[in-house]
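User: Got a model here I'd like to walk through. Can we go over it together?
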Amino acid sequence: MMTSLQTQLKYDVEAIRADFPILQRRVNGHPLVYLDNAATSQKPRQVIDALVHYYEFTNANVHRGLHTLAEEATEAYESARAKVARFIGAEPESVVFTRNATEAINLVAYAWGLANLKSGDRIVLTEMEHHSNIVPWQLIARLTGAQLHYVPFTPEGEMDMEALDNALRQEPKLVAIVHVSNVLGTVNPVEEITRKAHAVGAKVLIDGAQAVPHKPVDVTRIGCDFYAFSGHKMLAPTGIGALYARRELLEEMPPFMGGGSMIRRVTHEFSTWADIPTKFEAGTPNIADAIGFGAAVDYLQHVGMEAIRQHEQRLTAEALRLLEAEEDIVVYGPRDPQRRCGLVSFNFKHVHPHDVAQVLDARGIAIRAGHHCCQIIMRRLDVTATARASFYLYNTIEEIHTFVEALDDVRKVFGKYGG
Ligand SMILES: Cc1ncc(COP(=O)(O)O)c(C=O)c1O
């Protein structure tokens, strides 16, 4: 096994950066420092080329035609599914292509939730969830009479495991939980949570939108029932994501949407369904972007997910060290970089985060400010918004230094805290 130092020496961030055309851009007269990766990632030449190649050489509809282009397009689309599935330790039949993580969670809510939840059933969520793992369950709760129960997080930004144990004593039907928080950076112990939830008969859905791009994920090892993620946060184009579901569940679940492709036979009165996963892919799918998703997975695997995780941990540790040393800044989430993924949310004590983002933009530095689709977390932190710098495989330690140094501009414009 490679040591951390060996991986560090082998990790060629400049070679990686050369694959990303957008990183050559200047913004407002400065080299772009892109630290908004939790919102969406940039795309390497290899992914852009895969899209262009598909449209220039192979473009055709899938699963329908008998001509050469249709067969090639089908082969490329299904091979992308196989790559995405392998990347998370799953069989291709267990992976449904969706638009994004949000659609994957809605698919489970409507297809599994409506068929399996009834009045009084409990759904356990956490206060760390992104809106995409809250709102679908609120809608389903309204339709079925099921009840939502929220597990809080500790002041350090970790899941309150005692509160989770208490929630599980009520024997919920579903536990829907985020793998990595997009605000706190917390990596939740999803294997342990899945084991505990299964012990009381609950199904487990994991929102992996911030996990799959940044660390090795194996859904078989986790043992969860459903796992949702988005391509665009992991080098793939926008408009493509995936749902993993255990095979038996996909077989049992009714379709989410009806239309072409997802049927076996249609009569005047009824229809029967195609095999999984096609049963859940009504209409012409997003063929080109699925192929781009496959190319993104190839790229990530070539660099290595463990190497990416270690690189991001070095960046996170440095950002935490520098930000925590500033007495006018509050940092949110676990202090230990080992317990988080590559992002840091913070606030100046005296400046609104929108102003911070604007000042940094003038220096070509892209961070995000807002509630990050996590208004429940904001309420718990007693803020309306935070600033967030989020990292990826192509960011450098120098960029972390540029970002932290540029925070001095905020003090120049808005004055010093207490001054
Ligand atoms: C933790 C988490 N879950 C879900 C989502 C939703 O992803 P998408 O908008 O791609 O569906 C995001 C996006 O920011 C996220 O960070």
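This is a predicted model: local features need pLDDT of at least 70, side-chain atom pairs count only at pLDDT 80 or more; totals for chains, interfaces and linings use all residues.

User: Which domains does the protein chain have?
Analyst: Domain 1 covers 4-31 + 304-414, and domain 2 covers 48-302. Those bounds come from an automatic or database domain assignment. The C-alpha centres of domain 1 and domain 2 are 28 Å apart.

User: How many residues does each domain give to the contact?
Analyst: Domain 1 gives 23 residues and domain 2 gives 20 residues. Two residues are in contact if their C-beta atoms, placed from the backbone, lie within 7 Å.

User: Which elements give two or more residues on the domain 1 side?
Analyst: They are α12 (305-324), β14 (343-348), α14 (375-381) and β17 (386-390). Helices (H or I, at least four residues) and strands (E, at least two) are DSSP runs, numbered from the N terminus. The largest share, five residues, comes from α12.

User: And by class?
Analyst: The side of domain 1 that touches domain 2 has 11 nonpolar, five polar and seven charged residues. Ala, Val, Leu, Ile, Met, Phe, Trp, Tyr, Cys and Pro count as nonpolar, Asp, Glu, Lys and Arg as charged, and the others, Gly among them, as polar.

User: Switching to the ligand. Which residues come nearest?
Analyst: Asn100, Thr102, Asn182, Ala209 and Ser230, out of 13 residues around the ligand. A residue is near a molecule if its C-beta atom, placed from the backbone, lies within 6 Å of it. The shell has five nonpolar, seven polar and one charged residues.

User: Helices next. At what angle do α5 and α6 pack?
Analyst: α5 (residues 101-116) and α6 (residues 135-144) pack at about 20 degrees, with axes 9 Å apart. Axes are lines fitted to C-alpha atoms, for helices over the stretch in contact, and angles run from 0 to 180 degrees between N-to-C directions. That makes α5 roughly parallel to α6, a term for angles under 35 degrees.

User: Which residues make that contact?
Analyst: From α5, Ile105, Asn106, Ala109, Gly113 and Leu114; from α6, Pro136, Trp137, Leu139, Ile140, Leu143 and Thr144. They divide into eight nonpolar, three polar and no charged.

User: What about α12 and α15?
Analyst: Their angle is about 25 degrees and their axes are 9 Å apart. So α12 is roughly parallel to α15. Arg314, Leu315, Glu318, Ala319, Leu322 and Leu323 in α12 meet Ile397, Ile400 and Val404 in α15. That contact has seven nonpolar, no polar and two charged residues.

User: How do α13 and α15 cross?
Analyst: The axes of α13 (residues 353-361) and α15 (residues 397-414) come within 9 Å and cross at roughly 115 degrees. Asp355, Val356, Val359 and Leu360 in α13 meet Ala406, Asp409, Val410, Val413 and Phe414 in α15.

User: Last topic, the backbone. Where is the cis peptide bond?
Analyst: The cis bond joins isoleucine 276 and proline 277, with omega about 0 degrees. Proline 277 lies in the loop between β12 (271-273) and α11 (287-303).

User: Which residue has a positive phi although it is not a glycine?
Analyst: Asparagine 28, at about 50 degrees. Asparagine 28 is in the loop between β1 (26-27) and β2 (30-31).

Note on methods. Residues are numbered from 1 along each chain as its sequence is written. Angles under 35 degrees count as roughly parallel, over 145 as roughly antiparallel, 65 to 115 as roughly perpendicular and the rest as oblique.
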